[in-house]
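I am opening this notebook page to record what I looked up, entry by entry, with the structure beside me.

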Amino acid sequence: MKPTIKAIVFDVYGTLFDVHSVKDACEQEFPEKGAAISQIWRTKQLEYFFWRHMMGRYEDFASVTRDALRYALAVHDATSTEEIEQRLIASYAHLTPYKEIESVLKEMHDVKTVILSNGTDEMLKALLHNAGLTDYFDEVVSVDGIKQPKPTPAAYMNWFKTSGLRRDEVLFLSSNGWDIAGAKNFGFHAAWINRNDLPFEAFDIEPDAIYPNLNNLSEWL
């Protein structure tokens, strides 16, 4: 029997939106290199964010996204200009939402819907607005205010401390294994959205459920 869930908390990048939809913008600027640039861009985006936190040199997600792009372009000898860089960075505000997102959100009538993201407030606001999804969420929370990225416990507490809920009344959703481990470690129920049919991380914390997309969330409602 599933617990009573009163809030569903969503990760954004890779969970609600396809981070690799930027490959089209990359391809337009650098033909035959778009997909490869996108892959390195995402990898370094996360690495730089976590590295800076561990070194006590926090930079917001917008800054590390820019730095990661510069690295990805350098790896592929993609000579860039300030104008090209700005166009590619702007593509992060126009990521493609996964096809089931809007229909799933429309069904969430009796549960609070929350975004908890490493993205900045400005990044999240623009992304949701451009996708027409702003009105589906009761709260949009960035970790940038406390400069403690997920998967640190403080990042999840950042929203939870004012929620008025118990931890077992929250279902957290992410396509990122490290985020699922962090949320589960904090005490939330956690469902891994395994969009790429991969094994879960070799870690001693496992998700409560694994789904290929968000269409099975009705099991929790």
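**Rings, a helix pair and a loop residue**

I began with the aromatic residues, and found that ring pairs link Y13, W41, F49, F50, Y58, F61, Y92 and W178 into a cluster. I note here that the model is predicted. Searching the whole structure gave me 19 aromatic pairs, among them the pair of F186 and F188, which is edge-to-face with 5.0 Å centre to centre and 70° between the planes.

Next I looked for charges over rings, and noted that the charged end of R167 sits over the ring of F186, 3.9 Å from its centre, while R195 lies over the face of Y98, at 3.7 Å from the ring centre.

I turned to the helices, where the axes of α7 (residues 153-160) and α8 come within 9 Å and cross at roughly 65°, in a right-handed crossing. On the α7 side I listed P153, Y156, M157 and F160, and on the α8 side W178, D179, G182, A183, N185 and F186. By class, this contact has seven nonpolar, two polar and one charged residues.

My last entry is S175, which I found in the loop between β6 (170-174) and α8 (177-186). Is S175 buried or exposed? Its relative accessibility is 18%, so S175 counts as buried. Leaving aside residues up to four places away in sequence, I recorded that S175 touches D11, Y13, G14, T15, W192 and I193.

Definitions and conventions
Residues numbered from 1 in each chain as written. Predicted model: local features only at pLDDT ≥ 70, side-chain atom pairs only at ≥ 80, totals over all residues. Heavy atoms only, no water. Helix = DSSP H or I, 4+ residues; strand = E, 2+ residues; numbered from the N terminus. Buried < 20%, exposed > 50% of the residue type's maximum accessible area, 1.4 Å probe, protein only. Contact = heavy atoms within 4.5 Å. Axes fitted to C-alpha atoms, helices over the stretch in contact; angles between N-to-C directions. Left-handed = near helix turned anticlockwise from the far one by under 90°. Nonpolar A, V, L, I, M, F, W, Y, C, P; charged D, E, K, R; others polar. Phe/Tyr/Trp six-rings, centres within 6.5 Å; stacked < 30°, edge-to-face > 60°. Lys NZ or Arg CZ within 6 Å of the ring centre and 35° of its normal.
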